[in-house]
Amino acid sequence: MTERTLSIIKPDGVARGVMGEVIRRFESEGIRIAAMKMIHMTQAQAEGFYAVHKERPFFGSLTEFMSSGPCVVMILEGENVIAKNRELMGATNFKEAAPGTIRADFATDIEKNVVHGSDAPETAAFEMGYFFNNFEIVG
């Protein structure tokens, strides 16, 4: 089933210059990029995006980190792309991520783990709508 999901190359991935490699990995797996842009979220925008985690102890440090520098937001499209993207990213805790995954190869911290990806169709719908309007999505 063809679906869409949101992917973010986080500020650490942008700062370390691994954007091209992350995108190459998506494309080499047959994932199409339907939209992409570089943004620099404010603290308030990061808080809105991660509102689902507002009560969690890591909310403050996560939103501070996500607003600390530019990131690249993308809409990925393909067959079972939500699951495929999550497999390519690896476990949130990079120490538990499978070898060869983005997080195993590039992450330096549980928060500074290079990428974000939606975990379900409902989450993807909210997250894509948070960053993109219909005019910005190709295909």
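UniProt positions are given here in the numbering used for this structure, feature names are shortened, and annotations may be inferred rather than shown by experiment.

**Entry 1. Record and model.** I looked up the domain annotation: the unreviewed UniProt entry lists residues 2–139 as "domain: Nucleoside diphosphate kinase-like". I noted that this is a predicted model, in which local features need pLDDT of at least 70 and side-chain atom pairs count only at pLDDT 80 or more, while totals for chains, interfaces and linings use all residues. Residues are numbered from 1 along each chain as its sequence is written, and side-chain values use heavy atoms, with hydrogens and water left out. The end C-alpha atoms of residues 2–139 lie 12 Å apart, and the span is 40% helix and 20% strand. Helices (H or I, at least four residues) and strands (E, at least two) are DSSP runs, numbered from the N terminus.

**Entry 2. The sheet.** I traced an open sheet of 4 strands in the order E2-E3-E1-E4, with antiparallel pairing; two strands pair if DSSP finds at least two bridges between them. Strand E2 (32–39) and strand E4 (115–117) are the edge strands, each pairing on one side only. The twist averages 20° from one strand to the next, with axes fitted as lines to C-alpha atoms (for helices over the stretch in contact) and angles running from 0 to 180 degrees between N-to-C directions. Helix H7 (residues 121–131) packs on the sheet, touching E1, E2, E3 and E4, and its direction makes about 55° with that of E1. Contact here means heavy atoms within 4.5 Å.

**Entry 3. Strand E3.** I then followed strand E3 (residues 71–79), which pairs with E1 over 8 bridges and with E2 over 7 bridges. Glu 77 of E3 stands opposite Arg 4 and also opposite Arg 32. Met 74 in E3 is the bridge partner of Ser 7. Because 8 of the 9 residues of E3 are buried, the strand is largely enclosed by the rest of the structure. Buried means under 20% relative accessible area, exposed over 50%, and partly exposed in between (1.4 Å probe, protein chains only).

Entry 4. I looked up the "active site" annotation, for which the unreviewed UniProt entry lists His 116. His 116 lies in strand E4 and counts as buried at 12% relative accessibility. Not counting residues up to four places away in sequence, His 116 touches several residues, including Ser 7, Lys 10, Tyr 50, Arg 103 and Glu 127.
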